[in-house]
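Dear colleague,

I am handing over a structure for your study.

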Amino acid sequence: MPLLKKGDTVALTVCSNGKQVEYRNQMQELHEVLKGMGLKVIDSPYIFAKEGSASSGTGKQKAEILMSFYENKEVKAIFDVSGGDLGNEVLPWLDFEKIKANPKPFFGYSDLTVVLNSILSQTGQMAFLYQINNLIWERGTAQKERFVKSLMEDAIDLFGITTYFIQGKHIEGEVIGGNIRCFLKLAGTPYFPDVKDKILFLESNSGNVESLTSYLIQMKMMGIFDQVKGILLGTFTEMERRRLQPPVEDIVRDVVDNPNLTIVKTREIGHGTDSKCLIIGGRYKID
């Protein structure tokens, strides 16, 4: 059954850094694209950052408007347009019992990794690693086609991903994770998801060999690699663009140091404007 249909209302919100004033034209374009699909759109009052700041409101304010979208029966899906560093400040203010009682798709990427995994860990609901701004960025034409076919016509265009194996031949399980830096912000908190028998997805926008290595070593010291069924790697934008050595695949394999743990790679999930959607809490089988 499609997640959306013509006439539905969707909400645009910000849980992480507020958008700068230059984004206003893009916001208008995004509105026009969504309305062209037959959707109604409402906005959080905390979309845009305050002058001279990255913040558009307090964590409590942003959480309250997000909760209002969950409780609004007219809103059928919520799309976060932000990224950055501030996503975790909303977590203490979210009412997960109300989210559980009012299930609806929540979409976001990058720093929204903290919210996506918290929704899963606290409610058991799936969440969607995807940036709605892809509809208006450089590969917008293809993204709009995928969006309509997959969210409004129930096809798999936005969700089907091509993969290849680094080691192992099979992996099956529920996916957790997201942006590696942001996922680790949940470590030691009640919001960190159960990793037992999960597929751990990891991607990154910025970073270098040293930063990636340090994140992976932290995960190893936390015992994550001893518990997950395998690792699914997305794109590591800056490292791959600069062709840093050793490559991501080698770094992960060396730190994990376990030839029996399956490691898979896809070029279709991450920060690229051509990125598809990964379902956090969704079950995947890769052969």
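The notes below describe the sheets first, then the pockets, then the cavities.

The model is predicted, so that local features need pLDDT of at least 70 and side-chain atom pairs count only at pLDDT 80 or more, while totals for chains, interfaces and linings use all residues. Residues are numbered from 1 along each chain as its sequence is written, and side-chain values use heavy atoms, with hydrogens and water left out.

Strands and sheets

Helices (H or I, at least four residues) and strands (E, at least two) are DSSP runs, numbered from the N terminus. Two strands are said to pair if DSSP finds at least two bridges between them. An open sheet is formed by 6 strands in the order 2-1-3-4-5-11, with mixed pairing. Its edge strands, each pairing on one side only, are strand 2 (40–43) and strand 11 (278–280). On average, neighbouring strands of this sheet are turned by 25° against each other, direction ignored. Angles run from 0 to 180 degrees between N-to-C directions, and axes are lines fitted to C-alpha atoms, for helices over the stretch in contact.

Within this sheet, strand 1 (residues 9–13) pairs with strand 3 (residues 75–80) in the parallel sense over 5 bridges. Val10 has Ala77 of strand 3 as its bridge partner. Helix 2 (residues 59–71) lies across strand 1, strand 2, strand 3 and strand 4 (106–108), and runs at about 170° to strand 1; contact here means heavy atoms within 4.5 Å.

Strand 7 (residues 171–179) is mostly covered, with 7 of its 9 residues buried. Buried means under 20% relative accessible area, exposed over 50%, and partly exposed in between (1.4 Å probe, protein chains only). Strand 7 pairs with strand 12 (residues 283–286) in the antiparallel sense over 4 bridges, and Gly173 stands opposite Tyr284 there. Strand 7 also runs parallel to strand 8 (residues 199–204), joined by 5 bridges, with Asn179 opposite Glu203.

Pockets

Rolling a probe the size of a water molecule over the atoms shows where empty space is left. On a 1 Å grid over the protein atoms alone, a pocket is an open set of points with protein on both sides within 12 Å along at least five of seven lines, whereas a cavity is a set of points where a 1.4 Å probe fits but cannot get out; lining residues have an atom within 4 Å of a point. Grid points are joined across faces, edges and corners, and a volume is the space filled by probe spheres set on the points.

The largest pocket has a volume of about 280 Å³. Of its 19 lining residues, Gly84, Ser110, Asn205, Ser206 and His271 lie nearest its centre. The lining comprises 4 nonpolar, 13 polar and 2 charged residues. Here Ala, Val, Leu, Ile, Met, Phe, Trp, Tyr, Cys and Pro count as nonpolar, Asp, Glu, Lys and Arg as charged, and the others, Gly among them, as polar.

The second largest pocket has a volume of about 190 Å³, and its lining has 5 nonpolar, 2 polar and 5 charged residues.

Cavities

The whole structure holds 2 cavities of 30 Å³ or more. The largest cavity, of about 60 Å³, is lined by residues including Tyr109, Ser110, Glu203 and His271. The second largest cavity holds about 40 Å³ of space, and its lining has 5 nonpolar, 5 polar and no charged residues.

Yours sincerely
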